[in-house]
Amino acid sequence: MKKGFDKDFLWGGAISCSQADGGFRDGGKGVSTQDLRYLDPSWNREQVEEKHHGSPFSKAEFDQALKDMDTMYYPNRRGIDFYHNYKEDIALFEEMGMKLFRTSICWARIFPNGDDELPNQEGLNYYRNMFSECKKRGIKVFATMLHYDIPVNLVIKYDGWKNRKTIDFYCRYAEVLFRELGDLVDYWLPFNEFNAGRFAPWDGVCLMQDQEENINQSIFQCLHHQFLASARTVKMCHEILPGSMIGGMIARFETYPATCKPEDALQAVQDEQYSNWFYTDIMVRGEYPKYMERYFNMFNIDIQMEEGDLKILKNSKVDFVSFSYYFSQVSTSDQTWKKTAGNLIMANKNPYLETSEWGWQKDPIGLRVTLNKVYDRYNLPIIIAENGLGTTDILEADKSIHDPYRIDYLRSHIQCMKEAVIDGVEVIGYTMWGIIDIVSCGPLTMDKRYGVIYVDLDNGGKGTGKRYKKDSFQWYKKCIETNGEVLD
């Protein structure tokens with residue numbers, strides 16, 4: 001029986017290009033869909049959350065953002081300027097002892113319009129240089145090929161993922177990445193949080209809800225096209241880069257029955273199927289699960305497939321499973337049950353759990369539950385691609401940042417991850433989300449901070465941009481040095 005993590009366990013950290021890079025139009029980059037998301041830095045917390053949870057991305061916003069090419073009201077165009085500061089940031093990662101760096105590649109840096117005849121060499125050079133810097137410092141690369149942001153031209157010209165042509169554009173992009181960067185990438189991930197299409201349609205599948213007659217039909221048609229793109233990419237990766245590791249990822253929503261009522265237990269089973277298992281079942285088992293037939297009928301969804309689609313899915317199974325894990329929720333048939341915020345969703349509140357400053361329910365045991373469930377179902381290696389605490393941090397006069405709340409969160413989750421390893425789960429890596437402060441994906445603010453490295457920027461992008469080590473930096477460094485044995 002194992003007593004802890006394997007000696008080659010991959011301790012790491014994660015960011016995304018749209019939230020970190022900046023360099024909005026530098027190096028030949030095209031405009032991405034995430035570049036169009038708007039935030040007024042004068043908004044208070046209530047206004048930010050109302051926009052985040054209560055106002056889906058609209059055609060009017062889309063049109064306005066295309067006209068407005070500045071960076072003041074579009075935080076993802078600024079990020080933290082990782083594009084120009086990656087050497088200094090990766091040096092901090094090395095100092096911390098990081099073994100694995102998860103970041104995403106911006107499609108619009110490689111093919112600015114998505115349908116360009118040739119890739120943008122400046123974009124390829126950037127990733128080659130940045131990944132080489134990781135290698136030089138002994139850090140493996142975990143590359144997400146699509147983290148929400150596609151070239152906006154594909155939405156304008158082809159309707160994005162609603163059009164099967166986008167599959168071919170994506171696969172051509174993927175082939176370029178494999179051939180140009182394959183010697184530098186250790187782990188590949190075709191899509192971030194595959195189920196985002198269902199709970200965050202603009203992020204996941206680039207749909208504007210006010211433009212869709214049947215939003216559910218459009219979401220699942222787009223997802224079918226993404227499943228095909230992912231499957232073809234997995235097959236291509238194995239052919240071009242024999243022995244490579246390429247996986248699939250979802251945002252994991254661990255759920256418990258709210259009560260012991262049979263109706264709540266049934267709801268928990270269905271929530272698991274529709275929110276979690278559907279996506280990983282296709283990526284691992286290679287086929288649409290039977291339980292979705294009833295769901296599709298219930299919501300009048302008729303996925304248009306072509307001959308050969310199911311064969312493509314069947315013959316392209318992933319090598320590992322990964323997921324983001326931040327919180328758990330409860331399932332209930334009671335429509336009046338109290339809600340709280342979660343990862344891009346509103347979740348049913350669990351009265352036994354504490355919540356973060358942003359209302360996310362803290363449940364480290366839920367991570368152990370998830371790991372056991374996922375491994376029992378698929379028996380594949382697991383990488384926890386995202387896990388962390390977003391909250392307010394204070395930069396003191398002496399430039400220190402005291403964040404015991406983050407240390408407590410990480411400690412409890414890593415301890416439960418360790419228990420899952422002792423349970424027999426094959427966890428091979430952990431990339432803490434927002435290893436360095438970045439623009440928060442949901443609210444688009446900087447004040448919701450995840451990192452163990454502080455970045456001196458506010459919600460409007462004002463500040464020095466300097467990096468400072470938080471107390472949690474030293475804590476995580478010690479955790480890595482001792483391979484998870486010292487968590488005090």
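## Cavities

The structure holds six cavities of 30 Å³ or more. A cavity is a set of points, on a 1 Å grid over the protein atoms alone, where a 1.4 Å probe fits but cannot get out. Volume is the space filled by probe spheres set on the points. This is a predicted model: local features need pLDDT of at least 70 and side-chain atom pairs pLDDT 80 or more, while totals for chains, interfaces and linings use all residues. Numbering starts from 1 along each chain as its sequence is written, and side-chain values use heavy atoms, without hydrogens and water.

The second largest cavity has a volume of about 80 Å³. Its lining has 13 residues, each with an atom within 4 Å of a point. Cys-17, Ser-18, Lys-29, Asp-35 and Asn-76 lie nearest the centre. By class, three lining residues are nonpolar, four polar and six charged. Here Asp, Glu, Lys and Arg count as charged; Ala, Val, Leu, Ile, Met, Phe, Trp, Tyr, Cys and Pro as nonpolar; the others as polar.

## Nonpolar cores

A nonpolar core joins buried Ala, Val, Leu, Ile, Met, Phe, Trp, Tyr and Cys residues through side-chain atoms within 4.5 Å. Buried means under 20% relative accessible area (1.4 Å probe, protein chains only). The largest core has 154 residues; Trp-188, Phe-220, Met-417 and Tyr-476 touch the most other members. Helix α11 (residues 215-240) gives the most to this core, eleven residues. Helices are DSSP runs (H or I, at least four residues).

A second, separate core has ten residues, including Phe-142, Met-249, Ile-383 and Ala-385.

## Helix α8

Helix α8 covers residues 165-181. Its buried residues include Phe-169, Tyr-173 and Leu-177.

Notes:
On a 1 Å grid over the protein atoms alone, a cavity is a set of points where a 1.4 Å probe fits but cannot get out, and a pocket is an open set with protein on both sides within 12 Å along at least five of seven lines; lining residues have an atom within 4 Å of a point. Buried means under 20% relative accessible area, exposed over 50%, partly exposed in between (1.4 Å probe, protein chains only). Helices (H or I, at least four residues) and strands (E, at least two) are DSSP runs, numbered from the N terminus. The expected span of a helix is 1.5 Å times one less than its number of residues.
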